[in-house]
Amino acid sequence: MRVSVPTSVFFLFTLFAVPGLSEAQTPAAQKPPAIKPEELANEWFIRLNELDDWFISYDGKEENQKVVDRFLELYADAAFHQVGPSATQIGPVIFHGKDAIRKWADDFSKRYVALNYRIEYKTRKEKPLQPFYVIQFPWGGTGASTQFEAIFTNRDDRRQYVVPGAVFFMFDEAGKIDSVRIYLLRDETTEIA
């Protein structure tokens, strides 16, 4: 006597009985797509430029919280954010943790308008490219760096400037910023008339 086994039962038996088969061939077990550090860095530029996209309410309250929160979503909890010295400080300025970075982003969003930080193009043989220099760290995570131009307008006097710079990112395995270092070449700052 021949017993008929439904195909679905046979498939399930094969799937779970054969070691390694279920892991290798099921879509759920496939690795997630690799995080591209150049895309993460590009998103940072987008959100940095959005820090001027806020308004003052009718009662005079500065409503920049949403853009600051969106910018901070890119950072790990214990991240480092390093910028150059200001007019009142000598040496690099390092912000550690989201609370400190929030303070920087809040101040930055209130100090400048018309933000346009943009990655510099390089062209060879009529082929333009915005280059990112990318690395995979041996301890996990990735890094990216690029050159950019910072165009900004002071909020108080409406004077507009352009300054070249470079930025260096370290991302953790989840794609959050672990560390970022921003260099602006202050000696090459030019006022735009």
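This is a predicted model: local features need pLDDT of at least 70, side-chain atom pairs count only at pLDDT 80 or more; totals for chains, interfaces and linings use all residues.
Good morning. The crossing angle here is roughly 135°.

Helix 4 covers residues 65-72 and helix 5 covers residues 98-111, and their axes come within 10 Å. The crossing of helix 4 past helix 5 is right-handed.

Which residues of helix 4 meet helix 5? They are Gln 65, Val 68, Asp 69, Phe 71 and Leu 72. On the side of helix 5, the partners are Lys 98, Ile 101, Arg 102, Trp 104, Ala 105, Asp 106 and Ser 109. Sorted by class, this contact holds six nonpolar, two polar and four charged residues.

I now turn to the strands. Strand 11, residues 177-184, pairs with strand 3, residues 75-83, in the parallel sense, over four bridges. In this pairing, Gln 82 stands opposite Arg 181 of strand 11.

Strand 11 also pairs with strand 10, residues 160-171; these two run antiparallel and are joined by seven bridges. Here Phe 169 is found opposite Val 180 of strand 11.

How many residues lie between strand 10 and strand 11 in their hairpin? There are five, and Gly 175, in the turn, has a positive phi of about 90°.

As you look at the strands, please recall one general point: side chains in a regular strand alternate between the two faces of the sheet. Thank you.

Notes:
Residues are numbered from 1 along each chain as its sequence is written. Side-chain values use heavy atoms; hydrogens and water are left out. Axes are lines fitted to C-alpha atoms, for helices over the stretch in contact, and angles run from 0 to 180 degrees between N-to-C directions. A crossing is left-handed if the near helix is turned anticlockwise from the far one by less than a right angle, and right-handed if clockwise. Contact means heavy atoms within 4.5 Å. Ala, Val, Leu, Ile, Met, Phe, Trp, Tyr, Cys and Pro count as nonpolar, Asp, Glu, Lys and Arg as charged, and the others, Gly among them, as polar. Two strands pair if DSSP finds at least two bridges between them.
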